[in-house]
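Q: I am new to this structure and would like to go through it step by step. Could we begin once it is on display?
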Amino acid sequence: MATTRPPRAADAHAIADVVRHLGRGGIAVVPTETVYGLAADAASPEAVARVFRAKGRPAANPLIVHVTGQEMAALYAEIPPLAARLMTRFWPGPLTLVLPKRADAPLADAVTAGLATVALRAPDHPVMQAVIAGLGRGVAAPSANVSGRLSPTRAEHVHALDVPLVLDAGPCRLGVESSVLKVDRGRLLLLRPGSLDSATLAEAAGVAVEAPGNAAAAPEAPGMAFRHYAPRLPLDLDVTEPAPGRFLLGFGAIEGDFNLSPAGDVTEAAATLFDALHRAEASGKARIGVAPIPDRGVGAAIRDRLARAAAAAGGTP
Ligand code: TXA
Ligand code: MG
């Protein structure tokens, strides 16, 4: 069983403790604007190994390195003009850029799982920003869930991990993970749909955003090949009617047992999605149903997470 430590309010004192702990090769849970992350010093092989172990994460699935901004990013990756433009526009924020790794990047090898690229993100959360600045170098942080399970958007969702320090800053503002975008010689490949939708990214970049098909993406986005976002219960999509024994996540006019957004707003639904799935898991019901979610804006990322959850948990995708 995991050792359950009560989360600590993310005040200056607790943040300083986390920085000290990370500096000694420890791991800690830190909030970001997307989901809670399991943080480690990206330069420390021991610390990074602890992250993989705590999550039960396959070694072939690389981690995102969190930086304060573009200047720190330049220590780790080559930054072509197209990437610089995206950083200027969207950082700090929910955009992860996959870029050619610098040969002299001060990173533990396991962070990039043997790839020639590195994933970088400057998070828009004062607590994670303070942790990175305090450590003075990149912070490797995957979502703070057991590999394959629901992502945590509140400190109390982290209970399944054995981590000595959990910082609590309340619910995450955005609620789905960052968009993962590979910048490859002037092309943009969306490896994971996320908080920023591809139309917004393409417009800012002035370049089309390609969404590699699953087969093509497998070597590109290692994480997408693994079982993901699975609740402990089977999950059915596009459900419009209540049924006994099924916890229904509503949307808009479909009320359900918990409405993701009574107003039918996909941004609000993204912010409540994982908390709602955690509630459904704890409801004692046998299945989960989810009302239809429109494909617009962050709706594409919500639909991606739900389809993966349905497939992984044996529901009807
Ligand atoms: O919002 C987020 O991105 C959160 C917060 C904590 O920042 N982090 C997060 O990390 O979702 P994680 O590890 O759960 O997902 C990272 C994704 C995985 O699908 C991984 O395979 C992919 O990014 N990734 C990391 N490095 C990569 C690389 N060099 N090339 C391709 N994909 C990469
Ligand atoms: Mg994850």
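Q: Where does the second largest pocket lie, and why there?
A: This is a predicted model. The second largest pocket lies between domain 1 (8-210) and domain 2 (235-316), because both domains give residues to its lining.

Q: What is the volume of that pocket?
A: The volume of the second largest pocket is about 200 Å³.

Q: Which residues are the closest to its centre?
A: They are His157, His159, Ala160, His278 and Glu281, out of 14 residues that line the pocket. By class, the lining has seven nonpolar, four polar and three charged residues.

Q: Turning to the domains, how far apart are their C-alpha centres?
A: The C-alpha centres of domain 1 and domain 2 are 26 Å apart. In the contact, domain 1 takes part with 18 residues and domain 2 with 13 residues.

Q: What area is buried between the two domains?
A: About 1,300 Å² is buried between domain 1 and domain 2, and carbon and sulfur atoms give 58% of that area.

Q: Which three residues supply more of domain 1's share than any other three?
A: Leu150, Val176 and Pro193 do, with 40% of the area that domain 1 buries against domain 2.

Q: And how many salt bridges are there across the interface?
A: Three salt bridges are found between domain 1 and domain 2. There are also six residue pairs in polar contact between the two domains. On the side of domain 1 that touches domain 2, five residues are nonpolar, seven are polar and six are charged.

Q: What do the side chains of Arg149 and Glu281 form?
A: The side chains of Arg149 and Glu281 form a salt bridge, with an N to O distance of 3.8 Å. Glu281 is also among the residues closest to the centre of the second largest pocket.

Conventions. Residues numbered from 1 in each chain as written. Chains lettered and ligands numbered in written order. Predicted model: local features only at pLDDT ≥ 70, side-chain atom pairs only at ≥ 80, totals over all residues. Heavy atoms only, no water. Domains from an automatic or database assignment. Contact = heavy atoms within 4.5 Å. Buried area = accessible area lost by both parts, 1.4 Å probe. Salt bridge = Lys/Arg side-chain N within 4 Å of Asp/Glu carboxyl O. Polar contact = N/O pair within 3.5 Å; in protein donor to acceptor, adjacent residues only side chain to side chain. Nonpolar A, V, L, I, M, F, W, Y, C, P; charged D, E, K, R; others polar. 1 Å grid on protein atoms, 1.4 Å probe; cavity = no way out; pocket = protein on both sides within 12 Å on 5 of 7 lines; lining within 4 Å. Points joined across faces, edges and corners; volume = space filled by probe spheres on them.
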